[in-house]
Amino acid sequence: MDNIILHNYPQSPVAEKVRLGLGLKKLSWSSVLIPRVPPKPDLVALTGGYRRTPVMQIGADIYCDSQCILRELEKRYPQPTYFPNHSQGLAWGISRWGEEVFKHSIKLVLGAAGDDLPVEFARDRGRLYFGPDWHSELINFNKHLPRVITQIRSHLSWIDERLAASADEYIFGNQPGLADLELYYFVWFIRGRWEMGPEFLSEFKSLVTWEQRISTIGHGQVSDMEVDDALEIARQSQPQAALKSEDADPQGLTPGMKISIVADVDGGETHTIGIISSVGKDIVSIIRYSDHLGDLCVHFPKAGYRVDII
Ligand SMILES: N[C@@H](CCC(=O)N[C@@H](CS)C(=O)NCC(=O)O)C(=O)O
């Protein structure tokens with residue numbers, strides 16, 4: 001029941017970040033394949049609304065967002081650490097930087113594909129990443145691709161400069177960590193999903209050598225799992241989250257409160273509703289009851305999410 005289950009699909013860059021995170025710690029895990037576009041009834045049965053990729057399940061505990069997933073993996077499996085050379089804290093800051101570059105990369109990949117994108121996919125991702133006015137936005141990205149590329153090029157040159165500045169093999173020395181994963185997944189995306197990607201990236205010599213090194217970390221020991229088996233595990237398990245409260249929560253969040261939580265962007269996403277079971281500086285966990293699956297504990301990061309007391 002303590003099996004790590006990752007709900008994901010192969011093409012997802014954020015899932016690739018987490019798969020490498022599992023590989024870095026040499027973990028065994030089960031992979032459940034989820035659809036690339038909604039509806040995702042089985043995933044949402046677990047999360048209560050959250051539909052993004054990936055989601056980690058351990059028994060009846062459901063971890064939404066790579067930030068929350070990787071934090072939990074570090075807690076359960078501290079060695080080898082995601083934070084070599086005292087990179088705690090800073091590596092999470094770098095993850096916010098990575099998210100910005102990832103958003104530029106989505107503009108690039110969607111914009112460059114233009115009319116070749118499957119309509120359903122374009123409609124879904126357009127709304128998710130670029131808000132209600134996504135249609136005109138996407139046309140703009142297509143028209144102004146050089147501007148988007150200019151943005152990405154600056155960010156990539158900073159990573160390249162860091163790597164070129166010393167003989168270090170990774171961002172924080174000679175051991176890979178979270179900071180590497182947070183700066184790698186959009187490079188993987190640009191290389192794999194934009195036809196000019198390999199040529200564009202070749203400008204950044206140190207980055208390309210580092211990228212090759214990261215890709216050899218692998219995904220750990222993976223086996224496939226059917227979604228019904230994952231749901232059955234959730235049904236037979238009890239959430240493990242301990243009751244915990246942090247007095248200083250700025251919104252006054254405490255266990256027992258009913259809240260709704262959603263990503264803090266206008267992506268048209270469904271809120272997840274539940275009763276707080278624990279709340280800390282970085283994570284808020286809620287208990288929700290499902291007729292089919294019983295009690296589930298759904299964990300979210302605080303950074304990047306909006307909580308409303310209801
Ligand atoms: N902040 C989230 C971002 C997750 C995200 O945007 N994932 C993409 C896939 S790479 C996604 O959910 N796309 C829509 C989908 O899969 O339905 C995280 O770090 O997990």
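The protein chain of this predicted model exposes about 14200 Å² (Shrake-Rupley method, 1.4 Å probe), and carbon and sulfur atoms supply 52% of that area. Buried residues (under 20% relative accessible area with a 1.4 Å probe, protein chains only) make up 53% of the 310 residues. The chain carries 32 positive side chains (Lys and Arg) and 40 negative ones (Asp and Glu), with His and the chain ends not counted. The centres of the two sets lie 2 Å apart, each charge being placed at NZ of Lys, CZ of Arg, CG of Asp or CD of Glu.

Among contacts (heavy atoms within 4.5 Å) between residues at least 6 apart in sequence, 69% join residues at least 24 apart.

In α6, residues 134-143, the buried residues are Trp134, Leu138 and Phe141. Seen down the helix axis, these fall within an arc of 55° (taken from the directions from the axis to the C-beta atoms), so they line one face of α6. An α-helix has 3.6 residues a turn, so residues three or four places apart point the same way. The cover over the buried residues of α6 includes α4 (90-113), α5 (119-130) and α7 (145-164).

Residues are numbered from 1 along each chain as its sequence is written. Local features need pLDDT of at least 70 and side-chain atom pairs pLDDT 80 or more, while totals for chains, interfaces and linings use all residues, and side-chain values use heavy atoms, leaving out hydrogens and water.

Methods:
Buried < 20%, exposed > 50% of the residue type's maximum accessible area, 1.4 Å probe, protein only. Helix = DSSP H or I, 4+ residues; strand = E, 2+ residues; numbered from the N terminus.
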